[in-house]
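Please read them with the structure open.

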Amino acid sequence: MSDTTKTTLKGGEFIIKDIPAAELFSLEELTDEQKMLRDSVTEFMERDVIPHRERFEKKDYALTEETMRKLGEMGTLGIAVPEEYGGLGMGFVSTMLTCDVVSGANGSLATAYGAHTGIGTLPILLYGTEELKQKYLPALATGEKFGAYCLTEPDAGSDANSGKTKAVLSEDGKHYIINGQKMWISNAGFADTFTLFARIEDDKNITGFVINRSELEDPNSMTFGEEEHKLGIRSSSTRQVFFNDMKVPVGNLLGERNNGFKIAINALNAGRIKLAAANIDGQRRITGLAINYANERKQFGVSISTFGAIRKKIAEMSTGIFVSEAGAYRAAKNVEDKIEEFVAGGMSHAEAELNALAEYAVECSILKVYVSDLTQHIADEGIQIYGGMGFSEDAPMEAAWRDSRIGRIYEGTNEINRLLAVGMLIKKTMKGELDLLKPAMAIGKELMGIPSFEVPDYSEYMSEERAILHNLKKVFLMVAGAALQKYMMEIEKQQHLLLNASEILNQIYMAESAVLRAEKHFDTDSVEAAMARLNLYKAVEAITTAAKEGIVSFAEGDEQRMMLSGLRRFTKYTNMPNVVALTEKVAAHFVEKGSY
């Protein structure tokens, strides 16, 4: 293999293999077309969304619908829809970029946009017959009609396959007669195209269907509850949906019978990575507002942005954005490259996208958890910087905090996704798709050996950071390998331990993404390098805590002592970073800039 050949890692493979910085994609590499797309959408947000914050907060559902129609006219609802179905047919990175910029200005609009372009459109694109795609996608791509996704039921949330909505074939065999109830349905108040899931007779799994409300034989066979009154995203339409002997033509079945749970899971993979993108511009806007307020607010005769406690917050908020961007766009390009690889191999685009998203399902869950957790924290810190004013509805922070809270629940709760990420890695290992066991066994032998006392040469830019990341992967393999060896097939029942392993996994992926981004595009004295180093230090601390908690929970005696010794070895810096100096460097840069 030549040195110029790029080998894209398989999903989850980052935990056992290192990649050179040259192979990472980041925002610095957007094409001119993508930059124009970003700028035009940003201009729209500033002009048509930001000035109407109060109307969105007062449950102006009509404003959300009106804004969605404008986005349809711009083409942003059809970014991911192929041209033959009325969309723009742009790549996955462009899809993520659009989701990023559209979603940061207002949580209600972000929810409407995400529900429509994601779970409201993708199941039809990925699983619909050619006839269904031609019928439904053009109107969804232009905003002529809006989409909604009906999966959750009162007794079927995370356990989506336990839904009780029933579908029975009519006597003439032309329709499925559907009865049941769905809840928490985004866009229900103004959507016409509904993707829904029901169990046909006594099937083991649910089945997917699609129907336009406007085409129902009996309009009263689909009815709606009142708008839900929610903590945040107040102008996002959220209603219960009731099916009362609703007739759906047999040709409107999505995919195959009994395959609805698979459709739901794969739609969620796309939703998870896009949810990460949807949080990033919100992080930028919150941080920018907080910096501006800190610069303008005077106490004791000076701006509060001169106070070390405030500067620490600004540095950590800004660093979090840099890391979120690095991880999200790294994974987006991996998905895009894999789609192109599958298409070149003969798959249809829909099949290629399905398989690419499934391949990187681990990364999708990692990003969903990390970025949504961080967004809530950034919003909380934004309130804190504003002080008492931050708690007032007159300032933007309290709405940002309320809106950001839903991100940790959407697309599977963060707890579910933490368990999923590690569980999927284990399943890949069991299926022989990923070899975690050999590296884990090698680490066991390494722990039995005598450590080297040579002082490494870390004169090369980011060489020590790369070495630390390599060792942090050993921490994951050490803990996960030992736990898997002890519990075997019972490992799924050890949720506390899996949560610890997930924290290690998440921190490694995001810290590595930030380090590689800084190494590839910025020099050693840059603020970006400072952010990558600051985040890595915080990641080491978080990993040390999670790993130690896991080790002492399942290992005893000599095994425990050996693993704790290994933990100290694998989390050791040769040259400890000056955390205060890094923090001040980052803070000084963004305080002077006035925004992220």
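1. Contact, as used in these notes, means heavy atoms within 4.5 Å. The model is predicted. With that cut-off, Phe92, Val93, Met96, Leu97 and Asp100 of helix H4 meet Ala328, Tyr329, Ala332, Lys333, Val335, Glu336 and Ile339 of H9. These residues divide into nine nonpolar, no polar and three charged. Two packed helices are described by the angle between their axes and the distance between the axes. For H4 (residues 92-103) and H9 the angle is about 145° and the axes are 8 Å apart.

2. Asparagine 334 also belongs to helix H9, which covers residues 308-344. With a relative accessible area of 14%, asparagine 334 is buried, because buried means under 20%. Apart from neighbours within four places in sequence, asparagine 334 is in contact with Thr8 and Tyr360.

3. Asparagine 279, in helix H8 (residues 260-296), is buried too, at a relative accessible area of 8%. Leaving aside neighbours within four places in sequence, its contacts are Val371, Ser372 and Thr375. Asparagine 355 is 76 residues from asparagine 279 in sequence and 25 Å from it in space, C-alpha to C-alpha.

4. Which residues other than glycine have a positive phi? Tryptophan 184 has a phi of about 60°, and aspartate 245 has one near 55°. Most residues other than glycine have a negative phi. Tryptophan 184 lies in strand S3 (residues 175-186) and is partly exposed at 47% relative accessibility. Aspartate 245 lies in strand S7 and counts as exposed at 52%.

5. Tryptophan 184 is also a contact of glutamate 228, along with Tyr61, Thr238 and Gln240, when neighbours within four places in sequence are left aside. Glutamate 228 sits in the loop between strand S6 (222-224) and strand S7 (238-249). Between glutamate 228 and tryptophan 184 there are 44 residues of separation in sequence and 8.0 Å in space, C-alpha to C-alpha.

6. The structure holds 45 salt bridges. One of them joins lysine 520 and glutamate 29, with the closest N and O atoms 3.0 Å apart. Lysine 520 is in helix H16 and glutamate 29 in the segment before helix H1 (32-48), so this pair ties together parts 491 residues apart in sequence. Both partners are partly exposed: lysine 520 has a relative accessible area of 28% and glutamate 29 one of 27%.

7. Glutamate 153 and lysine 182 form a salt bridge through their side chains at 2.8 Å, N to O. Glutamate 153 lies in the loop between strand S1 (147-150) and strand S2 (166-169), and lysine 182 in strand S3, so the parts tied together are 29 residues apart in sequence. Are these two residues buried or exposed? Both glutamate 153 and lysine 182 are buried.

8. Aspartate 558 and arginine 561 meet in a salt bridge of 2.5 Å, N to O. Both are in helix H18 (residues 557-570), three residues apart, about one turn of the helix. Aspartate 558 and arginine 561 are both exposed.

9. A network of salt bridges links Glu28, Glu46, Asp100, Asp281, Arg284, Arg285, Glu325 and Arg517. Asp100 is also one of the H4 residues that meet H9.

10. Met430, Met488 and Met489 make a nonpolar surface patch of about 350 Å². Methionine 488 is in the loop between helix H15 (463-487) and helix H16 (495-521), and is partly exposed, with a relative accessible area of 45%.

Key:
Residues are numbered from 1 along each chain as its sequence is written. This is a predicted model: local features need pLDDT of at least 70, side-chain atom pairs count only at pLDDT 80 or more; totals for chains, interfaces and linings use all residues. Side-chain values use heavy atoms; hydrogens and water are left out. Helices (H or I, at least four residues) and strands (E, at least two) are DSSP runs, numbered from the N terminus. Buried means under 20% relative accessible area, exposed over 50%, partly exposed in between (1.4 Å probe, protein chains only). Axes are lines fitted to C-alpha atoms, for helices over the stretch in contact, and angles run from 0 to 180 degrees between N-to-C directions. Ala, Val, Leu, Ile, Met, Phe, Trp, Tyr, Cys and Pro count as nonpolar, Asp, Glu, Lys and Arg as charged, and the others, Gly among them, as polar. Patches are made of residues with over 30% relative accessible area and no salt bridge: like charges are joined within 9 Å, nonpolar side chains (Val, Leu, Ile, Met, Phe, Trp, Tyr) within 5 Å. Accessible areas come from the Shrake-Rupley method with a 1.4 Å probe; for residues, only the protein chains shown count as cover. A salt bridge is a side-chain nitrogen of Lys or Arg within 4 Å of a carboxyl oxygen of Asp or Glu.
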